[in-house]
Amino acid sequence: MAYVATRGGERAIKQSERLFRAAMGKIDAARVTEVKQALPYLVDRVMGEASLYDLDLAALALAQTGGELYEAVLLLRAWRTTQPRLCVAEPVQQQDLFTHRRISAAFKDIPGGQVLGPTPDYAHRILATDVLEGTPFVPEPVEPGAKPSPAYQPSVSAWQAKNDLVDLPKPESLHGNDIPDLTREPLLFPSKRAHTLQSLARAETGGVLALGYAAMRGYGQAHPTVNELRLAEAEVVVKHPNGTAFSAGRVKISQAEVVSKQGEKLGLGFAATMGWNEVKCISAATLDLNSKGAPKGTPTEEEFFLYHTEGVESSGFCIHFKLPHYVTFQSSLDAMRDAKAKSVDVAKEPVK
Amino acid sequence: MSMVIDAPRIVTTKPLLVVRGVSKTYGKVVALHDVAVTAYPGEVLGIVGESGSGKSTLLRMMNLEETPEFGSYTLDLPDLRGNLFNLDRFARRMLCATRIGIVYQNPHLGLLMTHSSSGNVAERLLIAGERSFATLRAKATDALDASEFPLDRLDAPPIELSGGMQQRVQLAKAIALEPALLLLDEPTTGLDVSVQALVLDTLKRLQQGRQITMVVVSHDLGVIRTLADRVMVMRSGRVVEEGLVDQIFQDPQHAYTQQLVHAKL
Amino acid sequence: MSLKSLTKPWQSMSYGFLDPSAKRELRRKMLKSVAVPGCQMPYASREVPMARGWGTGALQVSLTLLNPQMCVKVIDQGADDSVNAASIRRFLARVSGAPTTLDTLEAHLIQSRHRIPEEFLREDQILVLQVPNPEPLRSVQPNMSIARQMHADADYGRMWLQLYEQIVRSGRIMQGASYPSMVNGRHVMTPSPIPRWDVPKLNMSKHLTILSAGREKRIFAVPPYTRVEPLVFDDVPYQVEDHGALTCKRSGAKGFFMNEIPQDDGTSAFEVSDSEYGVKSIRQRDGEAVNLGGTWYKHGEMPK
């Protein structure tokens, strides 16, 4: 007997899911490999937001969700959360990064040199429509330079600190399991430094850009100068219980450091994320730069931007409005009708 | 027969408010240095000085919004003992809500601009635990009436009111719980001269009617002369002169006070 | 002894989906929230295979509490068979092995979105409510850090003022669902967006209620036999929805919270919102032997 309009919900759910999956068709290992090879920047972005570095899983999540990014990130996060935390890797130092791209807007040249690396920054954004006409696009081969650029470089801020232009934050003396982990603890404010950086690292790219852009346009106090932007690979160095340190592999990371004049020194904003994602890092570092002393309720205040750039939470809450709300609606309706029916407004009654 | 002469009798009323040895610095700037304040029940104490003299900081301390580095603050009220600067946040909030009223120069500091005027007054009563809607309305109306606020605007939000009316709402909020102490921070600064006179009239009537102890901070000698019984002259975080209003204004001793009074005249 | 004999066989998923460290944290936070009724306890809140805002908080509580000996019921807006309830019920059964039921009386654990069943809950039952926004002060203070301090200070003046303002502007308190309520005389909580009809059911109830907000990472509880008092003025009585005299057009049940169904002729028909109670009423009317439990409301009134 059908009691509620949605009775038979079980079947409806199943069929609607089938409709969704039908659009993607069969997913096999080849599809995952294709996604991984064809869309490295998308895979990077998803890995960063999911805070899970695994190219295959990220490509699978993209294939399985048809590129619905919020769903892909949720899928990876839900998988990640059930995994045991085996150990904590050694800290990554800037000078130890295997650097592919490194630029500074603050100086014409910097110790270690500017390394342009891979970027479409100076390309003309012309759609290669010939591909659709049957002429494949074959990229021209990269010509190696006469002298290879150094693979490891010092940081720009280290030079600035030496010249008394900037105060580098004192590294917290926390090790291993003592480092606060956002995935195991709630975010509370004022937030721990580790939580802030972790939160920005896994923030949703579009959200960070929107708020970072607001700060850049003038809703923040500080105008950023890109001190140093890096796309690099970092060794994941872990310690065996017997004390031997070894590299478990390399992960792609991006980091941005922005500065602005604050009194007689430079203020520093920093962000880093897994995968190569320059827009996110610059925006996040700008928010970090602006957060100090930002008034409550403004986009550059920590609580404001950390809460509102969390992609899984914000997208989930947004789509939850599709759920039936008829009980809450009924409750408001009742109050509205009653208020309307009350011809005498108590507020207008004479005071006894 | 020898003449017996009575020893001179001294009236010994205990002061309501005693602040002693208050000092506060902001970095290298000395905001207050070893300041003492005494106010007797029913008295109006004026604090005069130019901006930066520390008078507003001192008032904020009396409202427990700020804490000095050194010094003590006592109010002679039942159930209230010890240095008020040592109260915890909760006790501070309750004391400020129930026993101390304040009117700020900037109504945005003291009012919720989009709530009703009566609600602004009622909030005080709500914090103090009043839970009858009828009583809340009656008491809010009384307080607004005492502040000579037009009762047909009872539920208008302050944002729609003139500056003078906004100050009356602040005043009603401050006196709603019949506080032991009323603090006024430049209450009429920024108002038109005619409106200023009306608000001062209200304050004067209210003070005489209810015998509230008041501390008025102003850079305006006219305000101090109208309201205060006694006056403290402050400069660079120190009290330079103190005395009865007539005495100070007629016969200023300190060079700075002389300068102030003459500038006014 | 081999390595194989020392380890469990590999499984693609932990029992009850969550890993033991997550469950341990949840157990601790649940105990804390029971110890300080109505006080919001922050917790890590793991991602689960469901979107945030769809009951992930209550889901984590259910996943932690459930075992194959417990019978679980899931409702959404009063209905067992709404799309989301069906989906959650299927997931809970799949990962915990717990049997499912639609009957309130048979359930040991009830996960619910925005309703409390009409039949009494007992000491051996747990109600887990889904909470979209755990902060009753959000409308007067959107900043969570400040709101947290206000709870610590029991600084609820603004909350009361909001109710005052509603009466001044509209002649009555306009709060629909999520009616702010004082728990154990100390903490103001949101009872989650249950209708006002359901709030009195929480007062001095026999069952344990756990409220969990996954997206906002807060958990709070109403232990058995705890006072839950909606914030009201002494002289303005608490008003539940005006449903006491309505009759369900399907089951004939009268005096319960109803869903309003707009009709083609411009009128409204009503159906009992607690769907399983409606189903049981229909069965009883049709002569089946049905175990219809006692209800909180009698003849549309909540006995004092």
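**Setting up**

I number residues from 1 along each chain as its sequence is written, and chains are lettered from A and ligands numbered from 1 in the order in which they are written. Because the model is predicted, local features need pLDDT of at least 70 and side-chain atom pairs count only at pLDDT 80 or more, while totals for chains, interfaces and linings use all residues.

**Confidence in chain A**

I looked up pLDDT first, the predictor's confidence in each residue, from 0 to 100. Chain A has a mean of 90, and 95% of its residues reach 70 or more. I then checked helices and strands, which are DSSP runs numbered from the N terminus (helices: H or I, at least four residues; strands: E, at least two). In chain A, confidence is lowest in helix H1 (residues 9-22), at a mean of 86. It is highest in helix H3 (residues 40-50) of chain A, at 98. Residues 1-6 of chain A have pLDDT below 50. Beyond near neighbours in sequence, that stretch has 11 contacts in the model. Where pLDDT is low, the predicted coordinates should not be read in detail.

**Chain C against chain A**

I took two residues as in contact if their C-beta atoms, placed from the backbone, lie within 7 Å. On that basis, 53 residues of chain C are in contact with 45 residues of chain A. Which helix of chain C gives the most to this side? H4(C) does, with 4 residues. By class, the side of chain C that touches chain A has 21 nonpolar, 18 polar and 14 charged residues. Here Ala, Val, Leu, Ile, Met, Phe, Trp, Tyr, Cys and Pro count as nonpolar, Asp, Glu, Lys and Arg as charged, and the others, Gly among them, as polar.

**Chain B meets chain C**

Next I took helix H4 (residues 117-127) of chain B. It packs on H6(C) at an angle of about 140°, with the axes 9 Å apart. Axes are lines fitted to C-alpha atoms, for helices over the stretch in contact, and angles run from 0 to 180 degrees between N-to-C directions. That angle makes H4(B) oblique to H6(C). The cut-offs: under 35 degrees is roughly parallel, over 145 roughly antiparallel, 65 to 115 roughly perpendicular, and the rest oblique. On the H4(B) side I found Ala122(B) and Leu126(B) among the residues that meet H6(C). Trp160(C) and Tyr164(C) are among those on the H6(C) side. The contact has 7 nonpolar, 3 polar and 2 charged residues.

**A helix pair within chain C**

Helix H2 (residues 20-35) and helix H3 (residues 56-65) of chain C have axes that come within 10 Å and cross at roughly 100°. That makes H2(C) roughly perpendicular to H3(C). Lys23(C), Leu26(C), Arg27(C) and Met30(C) in H2(C) meet Gln60(C), Val61(C) and Thr64(C) in H3(C).

**Two open sheets**

Strands pair if DSSP finds at least two bridges between them. E3 (residues 245-262) of chain A is joined to E4(A) by 10 bridges. Ala256(A) has Ala271(A) as its bridge partner in E4(A).

In chain C, 3 strands form an antiparallel open sheet, in the order E6-E5-E9. The twist averages 35° from one strand to the next. E5 (residues 181-183) of chain C pairs with E9(C) over 3 bridges. Val183(C) has Val228(C) as its bridge partner in E9(C).
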